[in-house]
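Biologist: I'm new to this one and would like to learn how to read it. Could you walk me through it, feature by feature?

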Amino acid sequence: MELIAHEALAERMEMRGMTVRPLARLVGRSVGTIGRLRSGRQKTCSPEVAEAIVKALGVPLKSLFVDDAVTTVPCPCAVRCTGHKVAA
């Protein structure tokens, strides 16, 4: 799964009063993994980790993650269009 934006993860963590260490403990992953996701140095994780993160934070999966099998492709529909998400 691909993290939509590391800022969104950081914001959700802050809203819940959750720091990296407790979230890592709840998710069952290292502090380094959660820290890299939060800082944007890591952009993907397994679906299981994504599910555990959103469960711990009490947010919907789609608010933080997108299936990385979904890619953006060029679209001829409009000059300013940046593409659409489509299944690969």
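**Finding our way around**

Modeller: Happy to. The chain's secondary structure comes to 4 helices and 4 strands. Keep in mind that this is a predicted model.

Biologist: In what pattern do they follow along the sequence?

Modeller: Reading along the sequence, you get β-α-α-α-α-β-β-β.

Biologist: What share of the chain is buried?

Modeller: Of the 88 residues in the chain, 31% are buried. Contacts are worth a look too: among those with a separation of 6 or more, 49% join residues 24 or more positions apart.

Biologist: Let's take a helix. How do I read its buried residues?

Modeller: Start with the general idea. An α-helix has 3.6 residues a turn, so residues three or four places apart point the same way. Now the case here: helix H1 covers residues 6-15, and its buried residues are Ala8, Leu9, Ala10, Arg12 and Met13.

Biologist: What covers the buried residues of H1?

Modeller: The cover includes strand S1 (2-3) along with helices H2 (20-27), H3 (31-39) and H4 (47-57). Look just past the end of H1 as well: glycine 17 has a positive phi there, about 65°.

Biologist: And the nonpolar core: which residues touch the most other members?

Modeller: The largest nonpolar core has 21 residues, and those touching the most other members are Leu9, Ile34, Ile53, Leu57, Leu64 and Phe65. H1, H2, H3 and H4 are the elements that give two or more residues to this core. H4 gives the most, with 5 residues.

Biologist: Can we zoom in on one of them? What does isoleucine 53 touch?

Modeller: Leaving out residues up to four places away in sequence, isoleucine 53 touches Leu9, Leu23, Val27, Ile34, Leu37, Leu64 and Phe65.

Biologist: Now a helix pair. How do the axes of H2 and H4 cross?

Modeller: To read a pair, look at the approach and the angle of the axes. Here, the axes of H2 and H4 come within 9 Å and cross at roughly 120°. Angles of 65 to 115 degrees would count as roughly perpendicular, and those over 145 as roughly antiparallel; H2 and H4 are therefore oblique to each other. Their crossing is right-handed.

Biologist: Which residues meet there, in H2 and in H4?

Modeller: From H2 come Leu23, Leu26 and Val27; they meet Val49, Ala52, Ile53, Ala56 and Leu57 in H4. Sorted by class, this contact has 8 nonpolar residues, no polar ones and no charged ones.

Technical notes:
Residues are numbered from 1 along each chain as its sequence is written. This is a predicted model: local features need pLDDT of at least 70, side-chain atom pairs count only at pLDDT 80 or more; totals for chains, interfaces and linings use all residues. Side-chain values use heavy atoms; hydrogens and water are left out. Buried means under 20% relative accessible area, exposed over 50%, partly exposed in between (1.4 Å probe, protein chains only). Contact means heavy atoms within 4.5 Å. A nonpolar core is a set of buried Ala, Val, Leu, Ile, Met, Phe, Trp, Tyr and Cys residues joined through side-chain atoms within 4.5 Å. Axes are lines fitted to C-alpha atoms, for helices over the stretch in contact, and angles run from 0 to 180 degrees between N-to-C directions. Angles under 35 degrees count as roughly parallel, over 145 as roughly antiparallel, 65 to 115 as roughly perpendicular and the rest as oblique. A crossing is left-handed if the near helix is turned anticlockwise from the far one by less than a right angle, and right-handed if clockwise. Ala, Val, Leu, Ile, Met, Phe, Trp, Tyr, Cys and Pro count as nonpolar, Asp, Glu, Lys and Arg as charged, and the others, Gly among them, as polar.
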